[in-house]
Structures are given as structure tokens and as C-alpha cells.
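Hi,

Here is the structure I said I'd pass on to you.

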Amino acid sequence: MIEFIKKLPKAELHLHIEGSLEPELMFKLAKKNQIKIPYNSIEDIKKAYNFSNLQSFLDIYYAGANVLITKDDFYSLTWEYILKCKENNIIHTEIFFDPQIHTSRGISFKTVICGIKEALEDARNKFGITSNIIMCFLRHLSEDEAFKTLEESLLFKDSIIGVGLDSSEIGNPPSKFERVFKKASELGFKLVAHAGEEAEVSYIYEALDLLKIQRIDHGVQSIKSNKLLERLKEEQIPLTVCPNSNIELKVFDNYKQHNIKKLLDLGLNVTVNSDDPAYFKGYLNQNFINLYNNLELNKEDIVKLVKNSFYSSFISEKLKIEYIKRVDEIFENKRIKNARYY
Ligand code: HPA
Ligand code: ZN
């Protein structure tokens, strides 16, 4: 089964590029750019990755991102993630970036987006990996600052497919950004938002009804409302679930408690993603493997989760069909092979 997971072509829809900064690159860039980080060694960094909730992670995640200064740094960051895509058989990825983490430190929007974009272009040319970029607003900052960021992004609009909402969820409900999302929609951006990662179901309702999003990032708290579950099933709204992240940030006590299999069995459109893989003990395959080891997912479940990701992505219908065919080729092959042996 683990070999099967590795072989399947996959899409990733919930990945913060700043969350793919591995300790080795963080250390290297800190040295190069003469940025002080509160760690003496790579081992020290790894030891600090012990989180009690979302906020305890975010504090460390923002501190780590301080080492990213030049366009080349953003290129290296993104390229390292692309190499992981190759390793994990991810053939399409939709990556988040947080421009405000960088512009607030005096790094230009252009530096950030150009570094990321160049690496993604190379990924397409060298490996055939396709991608989209989604810009997230930090929800702990003001509506005004989000509007400023939206304005700044317009120069690079062709490179950004959509907008999202991340950072500290509790106390910063989607309603705070209703007008920003309305404007982004009018400008032609696709819309997604983190909702129901830690906060109650009202945040998911607000994201759907006020922000009018097309995908919910996380959304695992939806399990607390049967009415909401029915709606998510009925409308097949994608949930970009991040199992390792949920375990590391103590959204669930342990892997056996994770509700993704329940959501899948209820008929919801759930997908598997790595969120911040450098911080949460593994990339996409490791998330699938952990689910398989703990929740008794079968081959059909895994294929369903993988297909959901392609169907829920922002690629053309034509490309979706092409990618789904590639999934089926591996799935069918496997079944024929098994039939021969049993
Ligand atoms: N939740 C909210 N904000 C984030 C996350 C997350 O899981 N990862 C990076 N920023
Ligand atoms: Zn996230």
C-alpha cells in the first residue's frame, strides 16, 4: 500500500511555501543574510518544533521566514519544495504565500513573487509540474492592510490565481474581511479561506456565506454540525484537510482521533495536504501513509482523496481529465497485477 501511495500522481491544494522552509535552508540563509535566529544549530531548530496550538506554531513560522531576503532566497525556498513534489509524485500544486510577512520587513512584493514564480516556471519546464499561486491575507492584521496588499498585488495579477485567509483564526472571523474578498472577487480572483481549523462552525458559515469562498482550508470542525455537514456534502465544497498539521497543532489528540475518514465516508469532498511540511513532520506522501497506518483507509479511499484534489483544483477541465486518467492508469494497473497473483 505504501508503494501504491508513493506511485500515485497527486495534487496538493494547501501548502504554505514559507512552511516548506527546511531547517537546513533556514540556517544557511540566516548565515548568508546575517539574520539572527534564536537557534545555534539545525538540531536546535528541530527541537523547537514542538507546538501546543496554532499560535505557538505561527510565532516560530514567522520568525523562521525572517531569513528570506532576496529573490534568490524565494527561488531556493520554492525550488526545494518542487524537488519534494517530484519525490512525492505531486504533479500539480497550488501554493499559498503570505506577502505581508515579507512586505512588513521591507522586502518588496516583487522580490517575493518573482522568486516564487521563476522556480515554478522551471518546475513546469524541467519536470512538467503545473502550479497556481494563491496570496493569503494575514487575518490578525487589519482590513485596511489587506486592502493595501490586494492593491499591491495587482501589478502581478497574471501570476496570482486567487486569494486566501490564514494566520490566527480564533478572534479573527472571516466577516472581518468581507469587503476585501468582495473586491478580490470583482477583480477576478478565486477565493479560499482557512476556516474551522480551531474555531467553531460559525467561522465556516461566514467563509461560505460572507466571503463566498470556493474551497475551505481545513474545515475539520464541521463535524460539530450535522446541518453544516449536509450542506458541505450537498454542495460538494472542497475541504483541504491537513492531517499532520492537525496532529502537530493538537487539533486532535492523536492520529486515531482524526475525522478525515468519517468526513470521507459521509460523502464530503475532502482532500489531503501537507500545510507546512517542514514544520509538521513530512510532505504529502507521509500524510497519506500516516492516515493509512492509523485510520484503515483502503485503496479506494486513497484514490478518492487523490481524485478529489484534482477535481477541486483551479486547473482547466481538460487538464483535470488528463490528470485523472494518469491516476486511473496506476490504479487499474495495480488491480490487474493483483488479479494475476490472487
Ligand atoms: N493555519 C493558519 N495559518 C497558517 C497555517 C495554518 O495551518 N499555516 C501557515 N499559516
Ligand atoms: Zn494552512
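Below is what turned up, starting with how to read the model.

This is a predicted model, where local features need pLDDT of at least 70 and side-chain atom pairs count only at pLDDT 80 or more, while totals for chains, interfaces and linings use all residues. Residues are numbered from 1 along each chain as its sequence is written, chains are lettered from A and ligands numbered from 1 in the order in which they are written, and side-chain values use heavy atoms, with hydrogens and water left out.

Let's begin with the sheet. It is an open one, built from eight parallel strands in the order β1-β2-β3-β4-β5-β6-β7-β8. (Helices, H or I with at least four residues, and strands, E with at least two, are DSSP runs numbered from the N terminus; two strands pair if DSSP finds at least two bridges between them.) The edges are β1 (10-16) and β8 (270-272), each pairing on one side only. On average, neighbouring strands are turned by 25° against each other, direction ignored. Between β7 (residues 239-241) and β8 there are three bridges, and Thr240 sits opposite Thr271 in β8.

Two helices to find next: α5 (residues 71-88) lies across β1 and β2 (90-97), at about 150° to β2. Helix α14 (residues 284-295) packs on the sheet too, touching β1, β2 and β8, with its direction at about 105° to that of β1. (Contact means heavy atoms within 4.5 Å; axes are lines fitted to C-alpha atoms, for helices over the stretch in contact, and angles run from 0 to 180 degrees between N-to-C directions.)

Now for helix pairs. The axes of α5 and α7 (residues 109-127) come within 7 Å and cross at roughly 35°. Their contact residues split into twelve nonpolar, three polar and five charged. (Ala, Val, Leu, Ile, Met, Phe, Trp, Tyr, Cys and Pro count as nonpolar, Asp, Glu, Lys and Arg as charged, and the others, Gly among them, as polar.) Helices α10 (residues 201-209) and α11 (residues 226-235) pack at about 35°, with axes 11 Å apart. In that contact, Val201, Ile204, Tyr205, Leu208 and Asp209 of α10 meet Lys227, Leu228, Arg231 and Leu232 of α11; six are nonpolar, none polar and three charged.

Finally, which residues surround ligand 1? Among them are His16, Tyr61, Asp166, Ser167, Glu197 and Asp275 (a residue is near if one of its heavy atoms lies within 4 Å). A nitrogen atom of the ligand is 2.7 Å from a side-chain N or O atom of Glu197, and a nitrogen atom is 2.8 Å from a backbone N or O atom of Ser167. For His16, a polar side-chain atom lies 3.3 Å from a ligand nitrogen.

Cheers

Technical notes: Polar contact = N/O pair within 3.5 Å; in protein donor to acceptor, adjacent residues only side chain to side chain.
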